[in-house]
Structures are given as C-alpha cells and as structure tokens.
Amino acid sequence: MNLTKEKRLEMYSQMLKIRRFEEKVDEFFKANLMWGTCHLCIGEEATAVGAIATLNKDDYITSTHRGHGHCIAKGASLDKMMAELLGKETGYCRGRGGSMHIADVESGNLGANGVVGGGIPIAVGAALSSKMKKDGKVTLCFFGDGASNNGTFHESINLAAVWKLPVVFVVENNLYGMSVPFRKACSAENIADRAKGYSIPGYIVDGNDVEAVFETVNKAVQDARNGKGPSLVECKTYRWKGHSKSDNNVYRTREEIKAWMEKCPIKRYKEKLIAEGIATEEELKQIEDDVEKEIAKAEEFAKNSPEPKVEDVMDGIYA
Amino acid sequence: MAVITYIQALRDGIREEMHRDERVFIMGEDVGLYGGAFKVTKGLLEEFGEERVRDTPISEAAIAGAAVGSALTGMRPVAEIMFSDFMTIAMDQIVNQAAKIRYMFGGKAKVPMVLRAPQGSGTGAAAQHSQTLVALFTHIPGLKVVMPSTPYDVKGLIKAAIRDDNPVIFMEHKLLYHTKGEVPEEEYIVPLGKADVKREGEDITIIAGSIMVPRALEAAEKLERKGIEVEVIDPRSLVPFDTETIIESVIKTGRVIIAEDDCKNAGWGAEVAAKIVESEAFDYLDAPIKRLAGLDTPIPYNPNLERAVVPQVEDIVKAVEEMLG
Ligand SMILES: Cc1ncc(C[n+]2csc(CCOP(=O)(O)OP(=O)(O)O)c2C)c(N)n1
C-alpha cells in the first residue's frame with residue numbers, strides 16, 4: 001500500500017477530529033445544552049475515515065443516524081456541524097435538521113438519515129445520476145448492520161447490480177442494532193456473504209484498521225469508477241457508547257466493551273505510525289493540538305451563533 | 001384507585017390480555033430485553049418469554065406483514081413500530097393488505113392485529129421521528145384508528161383493540177407516556193368508538209385528541225378563572241368515530257374549536273368539522289368552526305421552532321377568547 005505520509009497523517013487527524021467532536025457532543029448532552037437525541041460513533045472512526053479517504057472531493061456519500069464521522073471525514077466544517085447540533089441558524093440545516101439530518105449536498109454529502117436504511121436507495125439514485133451524466137463520480141453508501149435487514153438494502157443492491165451503477169455499499173457492522181445482537185437479527189454469518197445473492201463482490205475488513213479499510217474500499221471504488229458496478233464492503237467494528245443518549249447498555253457486557261476499546265482504531269494507528277517511523281511523537285502531538293483548537297473554535301462559533309427566527313419556520317418547504 | 005403513568009397503564013393492559021388469551025403476542029424492534037425504545041414492554045419478556053415477546057430485525061414491512069399473516073391464521077399479534085413515522089415503510093402491508101383482506105375475501109377472513117406506535121413532536125427528534133400520521137390511516141376503510149390521551153383510556157382501549165377482530169392502528173403520544181392518572185384495580189374495557197367528555201362546559205366545545213387533550217384541559221382551567229366554561233371532548237378513536245356525543249355538545253354550546261397536533265391540511269379535524277356541518281348541529285352554530293392544528297411543515301429540530309409549529313395551551317386560550325369575542 002503506497003499511501004503518502006501526508007495522506008496518513010490526514011487520516012490520523014480526521015479520526016482524532018471525529019473522536020474529539022463526539023466527546024464534545026457527549027459533553028453538551030450531559031450539560032443539557034443539546035436537544036433531542038444523538039448517536040455517537042466513538043470507536044468506529046477508522047471506517048468512516050478509511051472509506052472516505054478513497055474518494056475524490058466531488059464524489060458522493062450517503063450517511064446514517066450515526067453520521068457525524070462520515071460528515072467530518074467528507075470535509076465538513078466543524079463550526080457548521082456544531083451549530084446545527086445546537087439548533088442554530090448558522091448550522092448546516094439552519095437548525096431545522098439537527099444531528100440526524102446534517103447534509104451538505106454541494107460538497108457531495110447527501111445527508112445523514114433518521115430512517116434506518118433510508119439512505120441506501122438514495123445512494124443508488126445518486127449513482128444512477130452519475131452513470132446517466134457520465135460525470136465519473138462514485139457514491140459511497142454507509143449503513144449499519146441493522147439496516148441490512150431492511151428491504152431497502154436488498155432492493156437497492158439488486159438494482160445497483162442490475163444496472164451496474166458506480167456505488168459502493170459500506171456496512172458498518174458494530175454487532176448491534178440498538179439492543180439486538182447482529183446474530184439474532186441476521187441469518188447470514190457475515191453481511192458480506194449476502195453479496196453472492198446479488199452477484200457482486202463482497203469483502204470483509206477489520207473496520208478498526210484505517211489502512212485496511214482504505215485498501216479494500218479503494219479497490220471497490222476503482223471498480224465502480226471503471227464501470228464494473230457495485231461492491232459490498234463489511235467493516236467489522238464496535239460502538240463504545242450506548243446506542244443513543246438514553247441507553248444504559250443492558251444488552252452487552254462490560255468485558256465485551258472493554259475488549260473492543262482495547263482495539264481503539266486511533267491508538268492503534270498512532271502506534272503504527274510511530275513504530276514504522278512514518279511520524280514522530282512531536283508531529284502527532286502537533287496534530288492533536290490543532291484538532292483541539294479546531295474543536296474549541298467550533299464550540300465558540302456554535303455557542304455564539306443566533307437562533308433561527310420563529311417567523312421563518314415555513315421557509316424551505318418547497319423549492 | 002392507583003395513580004400510574006400512561007406507560008404503566010398501557011403495559012398492564014397488554015399484560016392482562018396476554019394472560020387472558022395465549023394467542024396474544026408481542027413483536028417489534030427492541031421490545032424484549034430492552035423493553036422497547038420507550039420502555040412500554042419492559043418486563044414482559046421476563047414474564048412471558050421469547051416465544052411471545054419477540055425482538056425483530058429492523059424490518060418494518062416484515063413486522064407489519066408478519067402481523068397480518070399471523071392474525072389471518074389465528075394469532076392475535078400486538079406489533080410495535082418504534083416510531084409511527086416508520087409505519088410508512090410498512091404501508092403496503094397496512095393499507096393494501098391488513099385493511100383490505102377481509103373485504104376482498106368476501107368477509108370470510110379476519111385480521112385481528114394491533115399495530116402500536118408513538119407519534120408526535122416535542123422531543124427534539126426532528127422531521128422523521130415526530131410526525132402525527134393518524135389522518136392517513138383514518139382515510140383507509142378497514143382500519144380502526146385509536147389515539148388515547150390518558151392512562152385510564154390507554155389501558156381500556158388497548159384491551160379493546162387487542163380483542164377487536166380488525167386491524168387497529170394504536171397511536172400513543174411520546175409526551176403522554178410519563179403523564180399520570182387514576183386507573184382502577186379491577187378490570188375494565190373502553191370500547192372503540194366512544195368519545196369521552198373530559199370536562200363539561202356551557203360556552204364552547206373543544207374537540208381535542210391525543211396530546212391536545214391535556215393542553216385543552218389546561219386551557220379550560222385558565223379560562224374558567226375568566227368565567228368561561230369550556231367543554232372538552234376527546235373522540236379517543238377516529239375510526240370508529242362517535243359523532244353523536246359531539247353533535248350533542250355542539251347543540252349545547254353553539255361554538256366549536258377542533259384541536260389537533262397534526263398538520264392542518266387534510267387533518268382529521270377537517271373531517272370532524274365536516275361531520276358537524278353536515279349534521280343537525282349546523283343550525284346551532286353561533287360562529288364558524290375554528291380549527292387549531294399544526295402548521296403545514298415538517299417538524300423542525302430547534303426547540304423554539306418545534307414548539308411554534310404545533311398548537312400550545314396559550315394558542316387554545318387565545319382562540320377561545322377570540323371566538324367568544
Ligand atoms: C426504519 C427505522 N426503524 C427503526 C429506527 C430506530 N432505530 C434507530 S437506529 C436503530 C438501530 C440501527 O442499527 P444499525 O443499522 O446497525 O446502526 P447502528 O445504530 O448500530 O450504527 C434503530 C432501530 C429507525 N430510525 N428507522
């Protein structure tokens with residue numbers, strides 16, 4: 001794998017950014033600064049970062065309710081994300097959408113989604129548009145193991161396969177859909193095994209190894225771009241926090257959570273970068289400091305931003 | 001009488017029916033160990049076991065469809081859809097299958113199922129987790145539609161819904177779950193299709209459903225201090241609908257406000273208004289009927305905006321005062 005040092009450090013920086021962002025959001029919740037609910041992706045950073053690192057800037061993604069990581073990896077402004085979470089007019093959705101609906105269509109982020117499996121057919125549509133316009137773009141479609149049991153998954157993959165569309169399906173298998181264990185909800189051993197049923201390639205990858213994710217998704221993205229149609233990539237990973245803010249983890253053991261925390265994708269990557277002489281402690285420390293500053297700036301921006309005006313509540317329903 | 005929460009009353013109702021009739025079972029996402037996203041079914045897995053309290057994959061069409069198929073063949077499923085918004089994913093099974101099977105099969109089959117779900121805004125869950133969709137289902141012949149507003153009603157109505165031989169859409173409001181009220185120790189049923197006069201008054205009738213019932217009652221209390229006597233009627237079910245109780249009230253008061261937390265355009269309140277003007281009560285109206293409903297917008301995330309799109313207590317007070325001049 002010939003990743004440049006620059007690319008590697010960028011992936012490290014992005015994973016860290018996601019981690020710190022999520023920790024800040026958690027803090028906001030605990031301080032009652034945030035409304036509604038939200039789903040943190042702490043522990044799953046390598047999947048979002050490794051997969052999106054394979055894309056060109058103008059490629060598309062569709063995301064999920066657990067979407068902050070995808071959004072950051074796609075290059076979103078932390079200021080506007082944080083402002084959205086606080087329901088501010090300066091947020092990505094002008095405070096109308098909140099955590100589950102952050103989107104930036106212009107930059108290729110076709111949106112988080114409140115409906116599990118709701119984004120999968122939309123990804124197929126974006127890929128159809130690329131095929132018809134011959135614009136050479138690829139769509140990365142993220143979803144969870146739980147979503148792969150919804151009809152939208154099966155209908156979408158079949159359609160994309162039949163039409164040979166430039167889309168890559170990336171399933172983040174974190175072993176639970178809310179409280180229900182993967183093995184109780186899915187009859188297949190692996191989600192990637194289902195690719196056979198649609199005659200497309202299915203890959204399994206360690207979702208906590210950012211370079212492994214990069215490598216596999218990269219192959220799938222190249223195939224999609226070269227007209228070979230869709231693939232399904234299953235990233236095995238784990239969410240450290242509860243499903244959403246109201247979850248006390250009754251369905252899994254502390255030992256299991258701890259074992260997965262030891263496979264922390266960020267810690268692992270840091271150790272690898274240093275062990276292989278790719279970066280020095282100082283270089284990584286610099287990245288960490290920069291991330292800290294960016295988070296602090298975003299918090300400041302969000303907190304100081306204005307609320308939307310109630311009289312504008314009917315804005316934007318129709319084009 | 002014990003004072004318990006809406007959730008507790010609902011759970012007790014389901015539990016009693018499961019004890020009474022072994023064909024009754026529960027299925028839905030996270031309804032087992034987790035006890036449901038809103039904890040309605042908490043403890044039922046421990047009490048009845050995995051065979052009768054079944055966690056499903058995230059497969060709404062299959063949940064609704066499996067309810068239809070099992071109901072058609074002798075079971076009595078109580079299926080939970082985690083948020084009523086996701087009933088749209090199961091729309092074929094609900095609208096084309098459950099609702100129509102009996103009629104299409106010449107009245108020779110029945111589909112005794114309950115599909116429960118929480119509806120409504122007020123929790124910051126934004127546009128895809130906050131809708132009130134009762135009007136959609138009210139429009140479909142073959143479905144019954146229930147939306148209880150109190151612990152007493154929710155218990156009596158869930159029992160009636162489970163015993164009913166038709167598909168029943170049972171809509172709970174998230175903001176009602178933790179409200180408390182008196183519930184008798186002894187068994188009772190609240191029949192579908194019977195409105196309840198929640199408060200008597202001479203001056204004006206407010207017809208309110210679901211979360212708008214406590215709001216209307218609070219408004220009525222405020223107005224009482226100003227010498228205005230408000231009658232509050234909760235239809236409790238939209239199908240079947242108790243037109244009679246409403247007509248009686250309108251004939252008495254001559255003034256009507258219909259309060260719903262649904263979008264206004266083609267909301268259930270429009271149907272109720274039409275029922276009133278088509279009836280003998282029309283001649284008794286002293287003012288045009290007023291509809292208080294949500295704005296025709298998706299539910300926004302920001303709390304100020306979210307609050308602004310659905311009628312609140314102060315909106316009801318204002319509307320009553322305006323109508324009484
Ligand atoms: C259609 C639909 N059904 C149910 C829900 C409620 N819900 C939100 S997230 C979730 C679990 C999703 O599991 P998975 O797809 O594995 O993603 P994860 O949360 O593990 O990242 C559920 C059941 C929903 N949002 N949409």
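1. How far is a nitrogen atom of the ligand from an N or O atom in the side chain of E60(B)? The distance is 2.5 Å. A polar contact here is a pair of N or O atoms within 3.5 Å; within protein, one must be able to donate a hydrogen and the other to accept it, and residues adjacent in sequence count only if both atoms are side-chain atoms.

2. Some notes on reading the model. This is a predicted model, in which local features need pLDDT of at least 70 and side-chain atom pairs count only at pLDDT 80 or more, while totals for chains, interfaces and linings use all residues. Residues are numbered from 1 along each chain as its sequence is written, chains are lettered from A and ligands numbered from 1 in the order in which they are written, and side-chain values use heavy atoms, with hydrogens and water left out.

3. The ligand has 21 residues around it, and H65(A), R66(A), G114(A), G146(A) and E60(B) come nearest. A residue counts as near if one of its heavy atoms lies within 4 Å of the molecule. The site is shared between chains because residues from chains A and B surround the ligand. From chain A, the side chain of H65(A) has an N or O atom 2.7 Å from an oxygen atom of the ligand. A polar backbone atom of G146(A) is 2.7 Å from an oxygen atom of the ligand.

4. In chain A, helix α1 (residues 5–30) packs against helix α11 (residues 281–304) at an angle of about 40°, with the axes 9 Å apart. That makes α1(A) oblique to α11(A). Angles under 35 degrees count as roughly parallel, over 145 as roughly antiparallel, 65 to 115 as roughly perpendicular and the rest as oblique. Among the residues making the contact are L9(A) and F28(A) of α1(A), and I287(A) and K303(A) of α11(A); contact means heavy atoms within 4.5 Å. By class, the residues divide into nine nonpolar, one polar and ten charged.

5. Helix α10 (residues 265–275) of chain A also meets α11(A): the axes come within 10 Å and cross at roughly 145°. On the α10(A) side are K270(A), L273(A) and I274(A), and on the α11(A) side E281(A), L284(A) and E288(A). Three of these residues are nonpolar, none polar and three charged.

6. In chain B, helix α3 (residues 60–72) and helix α4 (residues 91–98) pack at about 30°, with axes 7 Å apart. The two helices are therefore roughly parallel to each other. A61(B), A64(B), G65(B) and V68(B) of α3(B) touch Q93(B), I94(B) and A98(B) of α4(B).

7. Two backbone details are worth checking. Most residues other than glycine have a negative phi, and most peptide bonds are trans. K164(A), not a glycine, has a positive phi of about 50°, and lies in the loop between α6 (151–162) and β3 (167–173) of chain A. The peptide bond from V239(B) to P240(B) is cis, with omega near -5°. P240(B) sits in the loop between β12 (237–239) and α9 (243–253) of chain B.

Note on methods:
Axes fitted to C-alpha atoms, helices over the stretch in contact; angles between N-to-C directions. Helix = DSSP H or I, 4+ residues; strand = E, 2+ residues; numbered from the N terminus. Nonpolar A, V, L, I, M, F, W, Y, C, P; charged D, E, K, R; others polar.
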